Amino acid sequence: YMDKKPRVLIFSLAYFPVVGGAEIAVKEITGRLGDLFNFDLITLQFSRSHEVKEVMGKVNVYRVSGTKLAYPLKAVLLARKLQRQNKYQIVWSIMAAYAGFGVLFFKLVYPRVPMLLTLQEGDSEQHILKRVGVFYPLWRLIFKKADHIQAISGYLADFARRHGATCPVEVVPNGVSLGKFQIPNPKFQTNFKYENSNIKTIITTSRLVYKNGVDTLIRAITELKRLHAPCFMLQVLGDGPDRSKLEKLAKDLDVADKVKFVGQVDPDLIPEYLSQADVFVRPSRSEGLGNSFLEAMAAGLPVIGTAVGGIPDFLVDNVNGLFSRVDDPKDLAEKINLVLTDSNLYRKLSENGRKLVEADYSWDKITLKIKAILNSLNAKPYTPNPRVLLATGIYPPEIGGPATYAALLEKE
């Protein structure tokens, strides 16, 4: 029975214990589908303390050493060895960056193996294209060679089509483990989660990088002080390259006493932090989806975000959250103050947010959609790429109508 289960090879630059939204998604999905599929995963060994090979949940994890730039080549070399042993039915790329190049190389060697590409990118399109640079034609092949693309938002689905995708592109978002975010009833007997508390907690869970706009949030804290908002404290959960810069900003703006940098937090502890907060804020400059918003909604928090990337897929202004203008600390402060002072709005946003997550974003429901995609790929018959012989008397650099026509036809 075990040998008859379809075998899936996953390429993911990072995996546990290096954790982000994409890694959590892989863990949640493979954990639920492990009885139907065999999963192997190739990732980067970020630390020598990480095992070269181990079983994590329902996944056999293989780690290759080296740098991020070396990962695609090292991963595909290991994949060729594993392919000879296991004969994979599906190859799966988590994001169209380092893992995408690895899967592309694998696909070029083994074109019969169907390729699933998952898009979880959170950076802006401009930033991604700048990073891809001269490798754009090769990077574009990742989209063109995919047999199915799963994007976590409509924004990323359109992104895939703009850059060459011709296969089915399906929006399947990330989910939330609702059981971890149960709301104790006593907290909802009052208008605010902690009605009797003298201090309201504003919380953000974020990697400390430019795109997440934590600097805008810190600047908004200075505006909140001018608005004479209720006594408050900002908790910043997460770490990243901008941490020291953000700590300095809080000190320079004289709000260091209002901002607590908690640092990196185990994902299993985030529900506890959210349960003790009053409002979630993340003024993103770009976002693939924004799983942190969904987790905050699951915890019953009203959320404030920006209308960028995939956030409008789930956040409806003044219905289940509030939108703030990008890079506008004053507007953000006004929105935070409104939530903290209007109990009716607070209750509406928190209740509607929780209902949305329960209805559309549980991991059980998301996994069923991924299962359908994997089953369709496993059943996909092999069709070789058609070969066309184009015969023409002249061709560039020669000049003439037939030459131009032939070149344009070949390009299409």
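The request concerns helix H11, residues 329–341. Which residues of H11 are buried, and what covers them?

A: What follows describes this helix first and then the nonpolar cores. The model is a predicted one.

Helix H11 has 13 residues. From its first C-alpha to its last it reaches 18 Å, close to the 18 Å expected at 1.5 Å a residue.

The buried residues of H11 are Pro329, Asp331, Leu332, Ala333, Ile336, Asn337, Val339 and Leu340.

Take H12 next. Its axis and that of H11 come within 5 Å and cross at roughly 95°. Angles of 65 to 115 degrees count as roughly perpendicular, so H11 is roughly perpendicular to H12. On the H11 side, the residues that meet H12 are Leu338, Val339 and Thr341. Their counterparts in H12 are Ser343, Leu345, Tyr346 and Leu349. Val339 is also on the buried list of H11.

Now the wider setting. The largest nonpolar core holds 99 residues. Phe11, Ile42, Leu119, Phe143, Ile149 and Phe314 touch the most other members. A second, separate core has 26 residues, including Ala22, Leu116, Ile366 and Ile373.

Ile149 shows contacts beyond its neighbours within four places in sequence. Its partners are Leu117, Leu119, Phe143, Ala160, Ala165, Cys167, Pro168, Val169 and Glu170. Of these, Cys167 is buried, at 14% relative accessible area.

Key:
Residues are numbered from 1 along each chain as its sequence is written. This is a predicted model: local features need pLDDT of at least 70, side-chain atom pairs count only at pLDDT 80 or more; totals for chains, interfaces and linings use all residues. Side-chain values use heavy atoms; hydrogens and water are left out. Buried means under 20% relative accessible area, exposed over 50%, partly exposed in between (1.4 Å probe, protein chains only). Helices (H or I, at least four residues) and strands (E, at least two) are DSSP runs, numbered from the N terminus. The expected span of a helix is 1.5 Å times one less than its number of residues. A nonpolar core is a set of buried Ala, Val, Leu, Ile, Met, Phe, Trp, Tyr and Cys residues joined through side-chain atoms within 4.5 Å. Contact means heavy atoms within 4.5 Å. Axes are lines fitted to C-alpha atoms, for helices over the stretch in contact, and angles run from 0 to 180 degrees between N-to-C directions. Angles under 35 degrees count as roughly parallel, over 145 as roughly antiparallel, 65 to 115 as roughly perpendicular and the rest as oblique.
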